[in-house]
Amino acid sequence: MRSLMDINISEFYELIYKITNNFLVMADKFTISELKKKHDPTMLEIAEDATDLSKIMNSIADDKWDDERLALNAAQAALHMRRAAIAVRNENKELFEQAINDLASLSLV
């Protein structure tokens, strides 16, 4: 089994990329009320996992600009996912749509 130090930051970025795309598909496929019902995993759980991944990326990023950029992009994606999840919890369609649009506009997707 590889340790975290053996994993290239781009491998984590690929995970964030996949998570983000799946999150956007989920947001497009379901209404807020459908998303508020128990999904496994919930949008909030996905957002929390994305946040954890971005923190790991930040901790292993070295001084190279590309690593820093990837970690920053991952953190931004996680933030927008969290905003969308909070909007679902509060049934705030306007905030949800804004967060999803912000997420979709990131250069990572």
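Reader: Is Glu11 buried or exposed, or something in between?
Author: Glu11 counts as partly exposed, because its relative accessibility is 30%. Please keep in mind that this is a predicted model.

Reader: Where is Glu11 placed?
Author: Glu11 is in helix H1.

Reader: How far apart are Glu11 and Met26 in space?
Author: Their C-alpha atoms are 23 Å apart, and 15 residues separate Glu11 from Met26 in sequence.

Reader: What about Ala85 and Glu48, how far apart are they?
Author: Ala85 and Glu48 are 37 residues apart in sequence, and the distance from C-alpha to C-alpha is 9.6 Å.

Reader: Where is Ala85, then?
Author: Ala85 belongs to helix H4, which runs over residues 65–89.

Reader: Buried or exposed?
Author: Ala85 is buried, because its relative accessible area is 6%, and the limit for buried is under 20%.

Reader: Which residues does Ala85 touch?
Author: Leaving aside residues up to four places away in sequence, Ala85 touches Met43, Leu44 and Ala47.

Reader: Let us turn to H3. How many residues does H3 have?
Author: Helix H3 has 18 residues, 43–60. From its first C-alpha to its last, H3 reaches 26 Å, close to the 26 Å expected at 1.5 Å a residue.

Reader: Which residues of H3 are buried?
Author: Met43, Ile46, Ala47, Ala50, Leu53, Ser54, Met57 and Ile60 are the buried residues of H3. They lie on the same side of H3, because they cover an arc of only 150° around the axis.

Reader: Why would residues a few places apart point the same way?
Author: An α-helix has 3.6 residues a turn, so residues three or four places apart point the same way.

Reader: And what is on the other side of H3?
Author: Lys55 and Ser59 are exposed on the other side of H3.

Reader: What covers the buried residues of H3?
Author: The cover includes helix H1 (9–29), helix H2 (32–36), H4 and helix H5 (93–104).

Reader: Now H5. Which of its residues are buried?
Author: Phe96, Ala99, Ile100 and Leu103 are buried in H5. Their arc around the axis is only 95°, which puts them on the same side of H5.

Reader: Which residues are exposed on the other side of H5?
Author: Glu94 and Asn101 are exposed there, on the other side of H5.

Reader: What do the buried residues of H5 pack against?
Author: The buried residues of H5 pack against H1, H2, H3 and H4.

Reader: How do H1 and H5 cross?
Author: Two packed helices are described by the angle between their axes and the distance between the axes. For H1 and H5, the axes come within 11 Å and cross at roughly 145°. The crossing of H1 and H5 is left-handed.

Reader: Which residues meet there?
Author: From H1, Thr20, Phe23, Leu24 and Ala27 meet Phe96, Ile100, Leu103 and Ala104 in H5.

Reader: A change of topic: how many salt bridges are there?
Author: The count comes to four salt bridges. Side chains of opposite charge can pair when their charged atoms come close.

Reader: Which residue meets Lys36 in a salt bridge?
Author: The side chain of Lys36 meets that of Glu91, at 2.8 Å from N to O. This pair links distant parts of the chain, with Lys36 in helix H2 and Glu91 in the loop between H4 and H5, 55 residues apart. Lys36 is partly exposed at a relative accessible area of 41%, and Glu91 is partly exposed at 49%.

Reader: What is the phi of Glu91?
Author: Phi of Glu91 is near 55°, a positive value in a residue other than glycine.

Reader: Which residue does Arg83 pair with?
Author: Arg83 forms a salt bridge with Asp102, at 2.9 Å from N to O. Arg83 lies in helix H4 and Asp102 in helix H5, so the pair ties together parts 19 residues apart in sequence.

Reader: And Arg69?
Author: Arg69 forms a salt bridge with Asp66, and their closest N and O atoms are 3.8 Å apart. Arg69 and Asp66 are separated by about one helical turn, because they are three residues apart in helix H4.

Methods: Residues are numbered from 1 along each chain as its sequence is written. This is a predicted model: local features need pLDDT of at least 70, side-chain atom pairs count only at pLDDT 80 or more; totals for chains, interfaces and linings use all residues. Side-chain values use heavy atoms; hydrogens and water are left out. Helices (H or I, at least four residues) and strands (E, at least two) are DSSP runs, numbered from the N terminus. Buried means under 20% relative accessible area, exposed over 50%, partly exposed in between (1.4 Å probe, protein chains only). Contact means heavy atoms within 4.5 Å. The expected span of a helix is 1.5 Å times one less than its number of residues. The arc is that of the directions from the helix axis to the C-beta atoms. Axes are lines fitted to C-alpha atoms, for helices over the stretch in contact, and angles run from 0 to 180 degrees between N-to-C directions. A crossing is left-handed if the near helix is turned anticlockwise from the far one by less than a right angle, and right-handed if clockwise.
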